[in-house]
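Please look at the sequence and the model first, and then read on.

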Amino acid sequence: MPVPSLSAIARRHTELDDADIAWLQLIQADWQVIADLSFADLVLWLPDSGGAGFWAGDQMRPTTGPTAYVDDIVGTFVAAGRRVLVDAAFELGRIAREGDPEWRDDVPVRVEAIPVRRDGRVIAVISRNTNLLGVRTPSLLEINYLQAATDLSQMIAAGLFPTTAQRSDHADSPRVGDGFLRVDAEGRVIYASPNALSTYRKLGLTGDLTGHRLTDLTRELVPPKKRPDEETLSAVLGGRAHRDTELGASGGPGDGAALIVRAIPLRPKGEHIGAIILLRDVTDLRRRDRELVTKDATIREIHHRVKNNLQTVAALLRLQARRIDAPEAASALEEAVRRVGSIAIVHETLSQAVEETVAFDDIADRLARLVTDVGSTTAQVGVRREGSFGVLASEVATPLAMVVMELMQNAAEHGYDAGGSGQIVVRAERRGAVLEVAVEDDGRGLPEGFDLDAATSLGLSIVRTLVESELGGHLTLGHAPDGGTRAGISIPVE
């Protein structure tokens, strides 16, 4: 059974309004950071609409320490009086701590309850649950983590956190373990984790980070073209705005280095005292991104060149056909020109696509115009499409283009008398994982006793081979419902 979402639990069991839920979702955005700084599991308790207790709206385990909750508790209910600290934090509106730990499955757990305040009202409670089996004499790193967690807890209780300022849009936003800095109100580094120091070493830093104004130091290490505008740089690296930015370096020891920097300002008592700065080295990620972009561009260029080469071949065949006096030979070369042209259209489409897929409707329409514009028949024939082919992979689109082209051309050439007119309809329909395509004409129909298996036409042989061997599908040829001929193909597609 899927775990219910925070909004679903809140709307079903509480009186929280949309603005309250949105506030709690902003906390969720920084959920992992708070848990990691606390070395503790976080549980968001939502007050029951009838005042009977609290519902667990969400939980987060730390990546920096052992969990205090083996099982998921999201969606569970605890009656009033069962969680004394949660009750106290909600009713009194201040952080509640206990002296003695709770015992859960033979594990001692220290609990702290933090009221979540919005617009002067307590709307929920966060419990911090620390597995004491993982606690040891804290290092300087851990002391700074815990102090930052305490500051954020006080801000949550005072209604100063989260913030509605600009949120991160980086999918690879830094986490606590990637690199942690603490800066004071002036933007000077007062603590830098080993990972943060290593990241700045890649930018060319030779000394220590502590004591430096982070904004000034970064300006020295990173050239202007590799860093954001001055306003963003000062706001983030100075710890004044809850934002993130990306910067890199070129030349020297930091050649090609790139990192994402994220700031979380701290003002536990209302006054700005500094900020948490999180860093993530994304040098390898950006290198792989560049490789993918280069690879995609190369593939598109290949399709473009193949298209150009095919058009050159078609032009040469067309010139040869004009120099041949034998009508049958000229006709055969013209058919070859059309077949090469249908493949060229697919490669032209792929040369403009970001992925190796194509919207085949446009290709089918262009093929239809090719049939009617070439003027290879003495009949006046129009072509229209009904339905949609959808998006197809390139390995399907190329042979399918030849199949559709051959069937339309075959109908135009052999379905009508000289001087006549008619209409060819191409129907396409996706049925789950199968694409059904029909090419119907209103011409004279199939000759008496026609047998597809015994047919010797080169065009039909090409169509049958492509449908059955290349596309793994099935071909049928028979009478159309309203007279004329109907060619149907059925092929598997993803």
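## Aromatic pairs, a buried helix and its surroundings

The structure holds six aromatic pairs, where rings of Phe, Tyr and Trp (its six-membered ring) pair if their centres lie within 6.5 Å, and where planes under 30 degrees apart count as stacked, over 60 as edge-to-face and the rest as tilted. This is a predicted model, in which local features need pLDDT of at least 70 and side-chain atom pairs count only at pLDDT 80 or more, while totals for chains, interfaces and linings use all residues. Residues are numbered from 1 along each chain as its sequence is written, and side-chain values use heavy atoms, with hydrogens and water left out.

| Pair | Centre to centre | Angle between planes | Class |
|---|---|---|---|
| Phe-54 and Phe-90 | 5.4 Å | 80° | edge-to-face |
| Phe-360 and Phe-389 | 4.9 Å | 55° | tilted |

The pair of Phe-54, in strand β2 (residues 53-60), and Phe-90, in helix α4 (residues 84-92), links distant parts of the chain, 36 residues apart; helices (H or I, at least four residues) and strands (E, at least two) are DSSP runs, numbered from the N terminus. Phe-54 is buried at a relative accessible area of 6%, whereas Phe-90 is partly exposed at 27%; buried means under 20% relative accessible area, exposed over 50% and partly exposed in between (1.4 Å probe, protein chains only). The pair of Phe-360, in helix α11 (residues 360-374), and Phe-389, in the loop between β14 (380-387) and β15 (391-393), also links distant parts of the chain, 29 residues apart. Phe-360 is buried, with a relative accessible area of 0%, and Phe-389 is likewise buried at 0%. Elsewhere, ring pairs link Phe-39, Tyr-145, Phe-180 and Tyr-191 into a cluster.

Eight of the eight residues of α3 are buried, so the helix is largely enclosed by the rest of the structure; among them are Trp-31, Gln-32 and Val-33.

How do the axes of α3 and α5 come together, and at what angle do they cross? The axes of α3 (residues 31-38) and α5 (residues 140-158) come within 7 Å and cross at roughly 130°, the axes being lines fitted to C-alpha atoms, for helices over the stretch in contact, with angles that run from 0 to 180 degrees between N-to-C directions. That angle makes α3 oblique to α5, since angles under 35 degrees count as roughly parallel, over 145 as roughly antiparallel, 65 to 115 as roughly perpendicular and the rest as oblique. In this contact (heavy atoms within 4.5 Å), Ile-34, Asp-36, Leu-37 and Ser-38 of α3 meet Tyr-145, Leu-146, Ala-148, Ala-149, Leu-152 and Ile-156 of α5.

Ile-264, in strand β11 (residues 258-266), is buried, with a relative accessible area of 1%. Not counting residues up to four places away in sequence, Ile-264 touches Val-33, Leu-152, Phe-161, His-242, Ala-275 and Ile-276. Ile-264 and His-242 are 22 residues apart in sequence and 4.9 Å apart in space, C-alpha to C-alpha. The peptide bond from Phe-161 to Pro-162 is cis, with omega near 10°, and Pro-162 is found in the loop between α5 and β8 (180-184).

Asp-105, in the loop between β5 (102-104) and β6 (107-118), has a positive phi near 55° and is exposed at 69% relative accessibility. Asp-106 lies in the loop between β5 and β6, has a positive phi of about 65° although it is not a glycine, and is exposed, with a relative accessible area of 70%.
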